[in-house]
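Me: Hi! I have a model open and would like to talk through a few spots in it. Could you start with the term we need for burial?

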Amino acid sequence: MTTMKTLSIEPARWQVSDEGELFVPLYDAFYAKRSDAWGQAQSVFVDGCELASRWQNDRCLRLFETGFGLGINFLSTWASIKASDSSARLQYVAIEKHPFTAQDLRSALQASIVTAPTSLTPVLEGLIQQLLNQWPPLIPGFHSLPLDDQTTLMLVFGDVDSVLPSIHGRFDAFYLDGFAPDRNPAMWSLQTIQHLARLAADGAIASSGCAEDVVRRTLQSAGFEVSKREYFGDKPESLSAKWTEKFRDSSTRVESVVVIGAGIAGASIARQLATRGISVTLLERDQPASGASGNPVAVVRPEPGGISNVISEFSAAGVGWLQRWLTTHGESVPHDFCGAVRLLRDQRRHDKLAAYAQTVPDEWLHELSASGATKLCGQAVATEGFFLPQAGWVDPTVLIAALIDHPLIELRSATEVKQLSPDSTYGWCVELATDEKILSLYVVLATAFADLSSDVDGVDSARGQLSVVAEREDKRLRTIVCRDGYVTPAINGVHTIGATIQIDDDAKPRSEDDLENFHRLQRLLPDFVSEASELRSGRVSWRATTQDRLPLVGKIAEGLYASIGHGSRGVACAPWCAEFLVTQMLDEPLPIGSEWIERLHPLRFSKQLSQKT
């Protein structure tokens, strides 16, 4: 536990040169010259990619940067679109092999912003703080930051060669801003530029402050038309490269969508559509959060397992998105990312997690002795374990209400859908129990179970019962403690313990289930509760589960989509799945690698069944 960590991501380091410029020792180059960093961002990239006209005419502007660095190019772009009063969305994707820690990024930007245009400084200071508030832990992979309702930043931490093949989407502009070819050749290789050409939308523009002949020739070899522009600063020229081939489809134009189900999945989808200016009719047969989403508290935690672990990657994306969304929009939502002490069942699992913990920063995962875990959470734990600082809890019912609270979302409660069928003229016909028919080109199923589509297989139902125990002044619990179950800190005067898993349809709470939860609690905190009789029955609900523990999210048929089967991770991951689904619907950049289209495909079990037969 005291050995030196060998992190899988080497953070960026910076220092100030004798001339007061930000210098990066790793590449023996400057991150930003004090005299022209912000001016270069505006002249070479914002102006060079003709963005001023684009975000007056386009609904969504999609940008890709090959090296995020200090984020000066991104911050300048974000500030420019704010100053333009445009309603266009900004989706900005950036790859960075050596990202800064949040603390170092704050210090470096504070040192750099003194040279920004004084007219932009007040705006930039606010945007920098928003960026820092959502800056992710330095673990490899995709990190989607919903900075505001207009701007999403997706940071991809990793090597450009390994990451670029997984990027999915079409981009209107490319910022080519890695260190010079002789310092960072991979960033300027023909393979890299060919990947960018694969991602280029019609009329895409690539811009770079590096006008070396090797860069110009590489861009031309990949199919870009290259020209030179007057440079801002001490170099004579910059490059502008246009993608002129006309074989790409433009972004899907969606004006309205019917979403069926107002649990966490449906509410999240409705919000992400409304954020993009799309009208949503949200149908719910009962009331919002009436299913499993209506539990009094939901534990949200990433599942630690390593870089190549699918569930680990999925849960990290989900929890990270929810945490960041709440940072911006969650003022009214009771929640607390208090962390979770994770106890383990056996030595094999311990050794696996201990090895993983040595490759990630402490703010993501670190090992604890039994005494250390006891001190951290405030109560005596059963064994040693690991701490997950990014874990926490949220009130699902209030979260769902906050998601639905948008002027473009029309909620229709007590509205049962009887049948869903194709319509040759309008796409889909949603027939209600009242015989009313709603016609729509786009429909999303978010009913937990696949009860309106015969094409979807692989969703099962699992009954779960929570138990609660009253808060006591003499036994304060500061964090979640979990293993094959969990116990929360006191929320509204009670600790929640759960949850059982059975396959039956009994809606009544059962004393034997409370006893099972008591034994689960004993395996976590042996001295916390002495008698099973101290527990009271909590809520009973049913989870929609799948064989591989991943939900079904994506396209079922033309105009028909689904986000179902979220199981025990619904609150933690359905909000991020909504972003994943909506980006597919609108042909926007995915918030994760393209391989996840098949991993979460709603027909993946149906395909397996048909292949077997």
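Me: Before we go on, where do the coordinates come from?
Reply: This is a predicted model, where local features need pLDDT of at least 70, side-chain atom pairs count only at pLDDT 80 or more, and totals for chains, interfaces and linings use all residues. Residues are numbered from 1 along each chain as its sequence is written, and side-chain values use heavy atoms, with hydrogens and water left out.

Me: Thanks. Where in the chain is the place of His-601?
Reply: His-601 is in the loop between helix 16 (596-599) and helix 17 (604-612). Helices (H or I, at least four residues) and strands (E, at least two) are DSSP runs, numbered from the N terminus.

Me: And how many Å separate the C-alpha atoms of His-601 and Asp-514?
Reply: The separation is 36 Å, for two residues 87 apart along the chain.

Me: New topic: strand 7. How many of its residues are buried?
Reply: 7 of the 7 residues in strand 7 (residues 151-157) are buried, so the strand is largely enclosed by the rest of the structure. Thr-151, Leu-153, Leu-155 and Phe-157 point one way, while Thr-152, Met-154 and Val-156 point the other way.

Me: Let's do rings. How many aromatic pairs does the structure hold?
Reply: There are 14 aromatic pairs. Rings of Phe, Tyr and Trp (its six-membered ring) pair if their centres lie within 6.5 Å; planes under 30 degrees apart count as stacked, over 60 as edge-to-face and the rest as tilted. One of the pairs is Phe-45 with Tyr-175, tilted, at 4.9 Å centre to centre and 45° between the planes. Phe-45 belongs to helix 1 (residues 37-47) and Tyr-175 to strand 8 (residues 171-176), 130 residues apart. Phe-45 counts as buried, because its relative accessibility is 0%.

Me: What about Phe-224 and Trp-243?
Reply: Phe-224 and Trp-243 form an edge-to-face pair, 5.2 Å centre to centre with 65° between the planes. Both residues are buried.

Me: Which residues do ring pairs link into a cluster?
Reply: The cluster holds Phe-45, Phe-68, Phe-74, Trp-78, Tyr-92, Trp-135, Phe-157 and Tyr-175.

Me: Which ring does the charged end of Arg-599 sit over?
Reply: That would be the ring of Trp-596, with the charged end 4.7 Å from its centre. A charge sits over a ring if NZ of Lys or CZ of Arg is within 6 Å of the ring centre and within 35 degrees of the ring normal. Arg-472 likewise lies over the face of Phe-528, at 5.3 Å from the ring centre.

Me: Last one: what is the strand order in the open sheet of 8 strands?
Reply: The order is 17-18-16-26-27-28-25-29, with mixed pairing. Strand 17 (366-368) and strand 29 (536-545) are the edges, each pairing on one side only.

Definitions and conventions
Pairing = 2+ DSSP bridges. Buried < 20%, exposed > 50% of the residue type's maximum accessible area, 1.4 Å probe, protein only.
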